[in-house]
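My entries follow the display.

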Amino acid sequence: MIKIVYFLAVISFAIAPARSGEIVPWLDDSEALVDYTAPKDGASGDVPALNPESEITFAAKFTPSRADLDEQTGPVVIIEVGGVLHGSGLYICGGELVYAVRTGGDAPVRELMDLDNIDGAVSVVLGDLNAGQENKAYVSLNLQTGMVFSSVNGERQIKYLINAPQSTDLTGNRTSAFLGKDQLSIHMGGLNDNYTEPFLDMDNRQIFQGLQGTPVRGQIFDQAVSPPEPCSPSPENGSDARVSLSSFSWAGGMYANSYNVYLGTSLENVTQADSANHFGTLLHQPQISGPDLQGRFELGLTENQIYLDEQTTYYWKVEAINSGYAESPWQGQVWAVNTDPLRDFPLTASGDLPFISLSWERPADLLPEMYPDLRYDVLIASDSSFEQIVSSVSGINQTSWQPNTQGMFFGENYYCRVDCFSPSHPDLEGSSEVLELSYENPGIIEDFDQYSSDTELLADWQDGTTNSTGSLIELGLPAYGKSLKLSYQNQNGTEKSAVGRSFNQPKDFTACGTQILEFYFRGEPENQPADFYVQLEDSGGVSGKAYLQEDLIYAAASRVRIKLEEFSNEGVNISEVAYLEFGLENSPSQTASGVISIDSIALDIKRCLEGSSQPADINNDCLINLQDLQILAENWLAQSHWVFAAAEEPEGLEAYYPFDETSGAVAYDNSANSYHADVLKDAPDTAWNPSGVEAGCLELDGTFAVELPSGIFDAADQGFTISFWFLDQPDAWETRNSIDFLIAASSADFEKEAEYEFAVYPDFQAGWHHLCITNKTGGFTKIYKDGVLAAEGETSLTSEDYSNAGRSFIGSSPSGDGEFLKAKIDEFRIYSRSLSQEEVVFLYGGAMQLVMQPVSPVICPKDPLSDGVINIGDFNQIALFWQENFKH
């Protein structure tokens, strides 16, 4: 509970009788030096009685039009007096009412708000005006105190000039103008003499338009007034403020010597509150603030144990008191201030995966005195809406945290946010700014920069002095920082040079989704050739090698990347790597020697997508290097070419299903072998569709399959071919750019079931297409789409697998697991041998058919120059991008 405290400010003021006027409440209209009720042009010496020197008050009542308030207009003259060096007035500038005064000087230049009179000129923005509504405004200037007191439609404020002169003629040559009747030809002293501030330039002056028929009044007094009640609140009335706002302040009343302050969240209570009844409001002792701000008072909030809540409207007023006046106390206006929600506070992150440190600052709005039990929730998510949380902690009181990064992966973007709360304030909510985390840097295993001597290096890495190979290591020339320099001597029966490191604790090479082991490699021109390899060994003693085709005589550092699956395929548990080795080997009959350097050994993610758009990266490993050059050499002069169909139908037809039936559960074989098939559908008549590629077809609706008879592959001792037409329809297949070809050998137990997935380019388009799969014993399985070789891959099928094929199905796996195919199938053929492409083209279109076989991607993974031939132009593309690394 806040105590009620009264404060006596020992300040004396000049006592003046209270008067009442239409526009200025404390000035009698009859005492005005000028009192216009119609527009008037300025004329030199037209008001001889106009002679104020250091105090003046302008008052005006007028109704502006929208044109008067346009943001590009000004100055629009309301009322002014002046000559060449002295004068002042009220003007509309871009919808705001501005008071400008010139007290001397040469060619004054000032902005709309310029309180510094060092150049003999000042201006003050008084407030906004309302178009189409009557406005009452006044401004008083007291050069002895520097006070500018104004009111626009009852909203009062006080400003204080800097370097204010004590006494100056404020009317110049006694020329006066009000609203502008027909023209404004006389130079008024309140404006600028040049064009640096358009709204206050005299050459931009405009005549007031206003709304015809509305009453007007303009007054000039030779005295200045101060309000008896407080005014000029800070924060301004209706403004927004942070909850950490430290004080309220105001300009003091004219006669007051003490103040009461009423603060609360109820407008009604604050309006009614007085010294006799506080109505639940908070009263506090104000303090004089400064320095050198005359009559400015301040209420310190935190020092008086007042703490504001977020997103709350507070109402407050100041009551001016002086018991020597019957009118005391003077009630000030009720002002409002709206507190903002808790603002974002800074959040920073440091480190690399898998080690990240997060830190943040306590929100400045949440003062420890008010929220001693502040707690934090920290969230890391894979999406900016924080729906997929990958790491988090709740209720910590420190402003730092090291997250668990097990669920975070290299190459992915993450978003981090800190939420704060207070158990004692359940409505409190605050969040940090969202920090985006992107981890593109690999996880460093060894960069050799921490070693200062060869002795330190040999404490971690073992060479031929301990592993009995022909290696010798030392710190060497860097790729990035220091590096490992390996001298190899493969001779005298050793034929191997190796350097290795054992890890005290096995390392998880799969942490954060890493898929690549990478390092930088450098050779020397004098090196002799040897087989370079990398070896990993797990904590169980299982090891695996990857041999690399690195050029040992290439003297520039190149980046080497190895898929970790090369080691896991050999049985190495790459989540528990205990030993890492680099080596060079030769056959016993060879000798080799030289020097290589290795640096920046790290774990990384796969850096580009399959089928990357970088044409020079032929093998899609995201590096342009020797491996790409080798593939190019293997396909040298390969080119796109026409393939003509065979002259006659291929031999070796084992089964032919035209699917022209209209009913029944049997698909008849039209070959000489009578391999009739069973349609495994409850209502088999619905399996037949009259609209096939030739006559009728079989319509697989995703609920059934067709079982082929046993022995259908018995004659396929060297290979087989499956040919058929299918109707591809949009969204019929989940995967439209590949084909899963499944072979089941053995019999009913399906002990040997092999599935092969081949990427098919280009994607299928809707409509009927011819598909042909050929397989040669121990060779390649090839897939042709409309006669064009679209994919191929090695298989391990043998003639024994064919003869033991057992049950075979169209439209499902042999085990019956998974989903059934949904497509129309027609003209299904099985041959007991692997057909040539020419024979496949015959099945596709007959003896007169021909197709264009592109060189890429099946014959060669990529055609770097995209000209249909692998030649010197493609070599130039590789040379152009040599050793380039790129990311998706």
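Entry one. I noted before anything else that this is a predicted model.

Entry two. I looked up strand E8, residues 135–142. I found 7 of its 8 residues buried, so the strand is largely enclosed by the rest of the structure. Strand E3 (residues 55–62) runs antiparallel to E8, and 8 bridges join them. I picked out one of these pairs: alanine 60 has alanine 137 in E8 as its bridge partner.

I then followed E8 to strand E9 (residues 147–152), which is antiparallel to E8 and joined to it by 6 bridges. Asparagine 142 stands opposite methionine 147 in E9. The two strands form a hairpin with 4 residues between them. In the turn, glycine 146 has a positive phi of about 80 degrees.

I looked up an open sheet of 3 strands, which has the order E23-E24-E27 and antiparallel pairing. E23 (347–350) and E27 (400–401) are at the edges with a single partner strand each, so one side of each has no neighbour in the sheet. E23 pairs with E24 (residues 357–360) over 4 bridges. Threonine 348 is opposite serine 359 in E24.

How do the axes of helices H5 and H8 cross? I read a crossing of roughly 180 degrees, with the axes coming within 11 Å. The helices are therefore roughly antiparallel to each other. Asp628, Leu629 and Leu632 of H5 make the contact with Asp874, Phe875 and Ile878 of H8.

Methods. Residues are numbered from 1 along each chain as its sequence is written. This is a predicted model: local features need pLDDT of at least 70, side-chain atom pairs count only at pLDDT 80 or more; totals for chains, interfaces and linings use all residues. Side-chain values use heavy atoms; hydrogens and water are left out. Axes are lines fitted to C-alpha atoms, for helices over the stretch in contact, and angles run from 0 to 180 degrees between N-to-C directions. Angles under 35 degrees count as roughly parallel, over 145 as roughly antiparallel, 65 to 115 as roughly perpendicular and the rest as oblique. Contact means heavy atoms within 4.5 Å. Two strands pair if DSSP finds at least two bridges between them. Buried means under 20% relative accessible area, exposed over 50%, partly exposed in between (1.4 Å probe, protein chains only).
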